[in-house]
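Had a look through this one, and here are my notes. They start with the rings and then move on to the sheet.

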Amino acid sequence: MTQQFYVSPEQLMKDRADFARKGIARGRSVVVLTCRDGIALVAENPSPSLHKLSEIYDRIGFAAVGKYNEFESLRQAGIRFADVRGYSYSRDDVSARGLASVYAQSLGSVFTTEGKPFEVELAVAEVGEDPYSDRLYRLNFDGSIADESNYTVMGGQAEIVNEALSRSWNQDADFASAVRTAVKALSATRSPEGSGNGQAAEPLGAGLLEVAVLDRDPLSTRGTVRAFRRINTVELDRLLSSAEGD
């Protein structure tokens, strides 16, 4: 006779949560942080085509860690939602808060009803007219939402990166300084081979990074209402190299 084991709903939810957390922890970290010029999105990502960072709408950006196919499907769903809402009502009616609510419903539904939860964490960022009106939401695999201020860190060794940011984040920084701050924090997880205590971590190079920004005033800086802009590898390498020469 085959033995059957009863698993309580509570234990099932715990097992699903542990499964999702392990998957997310294997992913390389992403940092989203506010600054004087807008919002910077910085990811450790060596792939030139499998993006972790994306534009969702005029002033809204998206960042993710975890399984690419899962967060890519969510990204596309968010773009469709934003386009339909903006067309049906007004472009001003599309907000990071609304998108975060839609993502939370989707993630929560998969977590409670499907056989396997999504192994993803998401951030939805909306740049405001000033740093105090920026909006930043972090969403967990189970659909829970955190309304973040200043910055958020996801995936990988998030605790180490978060600790480094807590010592160096500055709201008055420009984009260049904000990106360098994020890269330095992400690099804190990289221990040099054979290093001893107190030795500086090996810095991440431009080829291992994906960087984008949400301009606070894109109309005056670039002549467009779309705030999202990718920083290419050449520009990023120049930005990071200029810091070494300071």
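How many aromatic pairs does the count come to by this rule: ring centres of Phe, Tyr and Trp (its six-membered ring) within 6.5 Å?

1. It comes to 4 aromatic pairs. Bear in mind that this is a predicted model, where local features need pLDDT of at least 70, side-chain atom pairs count only at 80 or more, and totals for chains, interfaces and linings use all residues. Numbering runs from 1 along each chain as its sequence is written, and side-chain values use heavy atoms, leaving out hydrogens and water.

2. One of the pairs is F62 with Y103: centres 5.9 Å apart and planes at 55°, so it goes down as tilted (under 30 degrees is stacked, over 60 edge-to-face, the rest tilted). F62 is buried at 1% relative accessible area, and Y103 is buried at 2% (buried is under 20%, exposed over 50%, partly exposed in between, with a 1.4 Å probe and protein chains only).

3. Y68 and F71 make an edge-to-face pair, with centres 5.4 Å apart and planes at 80°. Both belong to helix α2, 3 residues apart, or about one helical turn. Y68 is partly exposed at 30%, whereas F71 is buried at 3%.

4. Now the sheet: 5 strands, open, antiparallel, in the order β8-β1-β2-β9-β10 (strands pair if DSSP finds at least two bridges between them). β8 and β10 stand at the edges with a single partner strand each, so one side of each lacks a neighbour in the sheet.

Key. Helix = DSSP H or I, 4+ residues; strand = E, 2+ residues; numbered from the N terminus.
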